[in-house]
Amino acid sequence: MEMRKIGLIGGMSFESSAVYYRMVNEAVRERLGALHSAEVLLHSVDFQKIVDLQKAGRWEDAAERLSEVARGLKAGGAQCVLICTNTMHLIADQVQASVDVPLINIIDETAARLKAAGSCRPLLLATRYTMEHGFYAERMKRHGIDLMVPDADGRTLTHNVIFDELCAGKVLEPSRTALIALIEKAKAEGADAVILGCTEICLILDPANLPLPGFDSTAIHADAAVEFALGGETVSCAA
C-alpha cells in the first residue's frame with residue numbers, strides 16, 4: 001500500500017521526539033507486519049531557542065518559527081504535520097494556517113479518547129504554559145470536557161519535573177511519587193481520569209499503573225498520525 005508521509009516538528013524536547021519516532025514505527029509494523037515502517041520526515045529544532053521564546057512570552061515569534069518548519073516539511077513531501085509537544089499547541093492554529101496539509105491536533109485527539117472512555121473531568125498534568133494559558137482547557141471544552149489542574153504548588157512541581165528533569169533525560173523516583181500524589185489528590189476531588197499532557201510525562205508515569213485511568217497524549221498523537229498515514233481520518237482532519 002502507498003502510505004502517506006508524516007511530518008514531525010520535533011526537538012521540544014528531543015527526549016519525547018524519540019518516543020514519537022519509535023511509537024509511530026512500531027504501530028506501522030504492528031499494522032502492516034514484516035519489516036514495514038513509516039514514511040516520516042522529522043525536523044528537530046533547537047529546544048533552547050524555543051524555551052527562550054516561551055519564557056519571554058514571544059509566542060508569535062515561536063509560531064513563525066514552527067510555521068517555517070511546517071512549510072519545510074510540506075515542501076519535503078509531508079502530507080500531514082504534527083507538533084510533537086503539547087505546549088506549542090498554543091500556536092497550533094497559526095501553524096495550521098501556514099500550510100495546506102492537515103495539522104493533527106494533540107488536544108482534539110486526546111479529547112476524542114477521553115470521550116470514547118466516558119471521561120469528562122480529567123486532571124491535566126503538563127507544563128505551566130499548558131495548564132495556565134487556557135488554550136488547552138478552552139479546546140477541551142469544545143468537546144464537552146472540563147479539565148482539572150493541580151493547585152499552584154502542584155503546577156510548579158509538575159513544570160519543574162518536566163523541564164529540569166525529564167527534558168534533560170532524568171527520571172527520578174521521588175518525582176514519580178510526587179506526581180502520583182497529585183493524581184491521588186485530584187481523584188479525591190472528583191477527577192475521573194488523568195491526561196499525561198506533556199509529551200515527556202510518559203517517561204516517568206505509566207498510564208496503565210496510576211490511581212486514575214491514564215491517557216498518554218504522546219501515544220494518542222502518534223496513533224493518530226499512523227491512522228492518517230494508512231489512509232484513515234483523524235479527529236483533527238475531520239473537524
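A residue counts as buried when its relative accessible area is under 20%, and as exposed when that value is over 50%. Keep this in mind on the tour, which goes through a predicted model.

Begin with strand E4, residues 122–125. Both of its faces are covered: Pro122 and Leu124 are buried on one side, and Leu123 and Leu125 are buried on the other.

Now move to the open sheet of 3 strands, with the order E2-E1-E3 and parallel pairing. Select E2 (40–44) and E3 (80–83): these are the edge strands, and each has a single partner strand, so one side of each lacks a neighbour in the sheet. On average, neighbouring strands here are turned by 20° against each other, direction ignored.

Select E1, residues 6–10, which is joined to E2 by 5 bridges, the two running parallel. Gly10 stands opposite Ser44 in E2. Then show helix H3, residues 59–75, which lies across E1, E2 and E3 and runs at about 155° to E1.

Two loops remain. In the loop between E1 and helix H1 (14–32), select Ser13. The peptide bond leading from Met12 to Ser13 is cis, with omega near 0°.

Finally, go to Ala34, in the loop between H1 and E2. Ala34 is not a glycine, yet its phi is positive, at about 50°. Is Ala34 buried or exposed? Its relative accessible area is 66%, so Ala34 is exposed.

Terms used. Residues numbered from 1 in each chain as written. Predicted model: local features only at pLDDT ≥ 70, side-chain atom pairs only at ≥ 80, totals over all residues. Heavy atoms only, no water. Pairing = 2+ DSSP bridges. Helix = DSSP H or I, 4+ residues; strand = E, 2+ residues; numbered from the N terminus. Axes fitted to C-alpha atoms, helices over the stretch in contact; angles between N-to-C directions. Contact = heavy atoms within 4.5 Å. Buried < 20%, exposed > 50% of the residue type's maximum accessible area, 1.4 Å probe, protein only.
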